[in-house]
Amino acid sequence: MLRRKQLPEDLQGSLVSLRKVVAEVEAAKDAMTGTVPSTRSAGTPLAEGILELEERLAAAEALMPVWRHPDLADEWLACDSGIRDSLERARLLRQDPPDLGGFEGLIWAVDQLLAPLEAFEAAAERFRTLRR
């Protein structure tokens, strides 16, 4: 019988909390990708996507302290920085919007806002490596 590797008990609460943060981050990402037109949708207005991104990332930021753990310090700091960077980029885009020049410009803007949030993938991977 194969046993599934278990996360150390002192990290289980951190994982549960990280999942709550990631749910907000994913909703923020969905809001931004929803601004991109497709064959099925005209896309939501960029301003609406930015507003939802900011609201969701603010919620994620408020949840961040709960999953902080010494064994995950580097990942936690990267995720915290990622949220702050994405929020700052959103603020700049909202306050001084550039001429995006169409579809390619919109894709560029979405990518710029979401790139800092890739730190969450590394954090999830770190949890997988900590299973015993």
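Q: How many salt bridges does the structure hold, and what makes a pair count as one?
A: The structure, a predicted model, holds 8 salt bridges. A salt bridge is a side-chain nitrogen of Lys or Arg within 4 Å of a carboxyl oxygen of Asp or Glu. Local features need pLDDT of at least 70 and side-chain atom pairs count only at pLDDT 80 or more, while totals for chains, interfaces and linings use all residues. Residues are numbered from 1 along each chain as its sequence is written, and side-chain values use heavy atoms, with hydrogens and water left out.

Q: Why is the pair Arg56 and Glu52 called a salt bridge?
A: Their closest N and O atoms are 3.6 Å apart, and the limit is 4 Å, so the pair qualifies. Arg56 and Glu52 are 4 residues apart in helix α2, about one helical turn. Helices are DSSP runs (H or I, at least four residues), numbered from the N terminus.

Q: What makes Arg56 buried, partly exposed or exposed?
A: Buried means under 20% relative accessible area, exposed over 50%, and partly exposed in between (1.4 Å probe, protein chains only). Arg56 has 30%, so Arg56 is partly exposed. Glu52, at 32%, also counts as partly exposed.

Q: How do you know that Arg91 and Glu88 form a salt bridge?
A: The closest N and O atoms of Arg91 and Glu88 are 2.5 Å apart, which is within the 4 Å limit. The two residues are 3 places apart in helix α3, about one helical turn.

Q: Why is Thr35 called buried?
A: Thr35 has a relative accessible area of 3%; the cut-off is under 20%, so the term applies. Thr35 is found in the loop between α1 and α2. Leaving aside neighbours within four places in sequence, its contacts (heavy atoms within 4.5 Å) include Pro45, Leu46, Leu106 and Val110.

Q: What puts the buried residues of α5 on the same side of the helix?
A: The buried residues of α5 are Ala119, Phe120, Ala123 and Phe127. They cover an arc of only 100° around the axis, and therefore lie on the same side of α5. The arc is that of the directions from the helix axis to the C-beta atoms. These buried residues pack against α1 and α3.

Q: Which residues touch the most other members of the largest nonpolar core?
A: Of its 34 residues, they are Leu57, Met64, Trp67, Ile83, Phe120 and Phe127. α1 gives the most to this core, with 7 residues. A nonpolar core is a set of buried Ala, Val, Leu, Ile, Met, Phe, Trp, Tyr and Cys residues joined through side-chain atoms within 4.5 Å.
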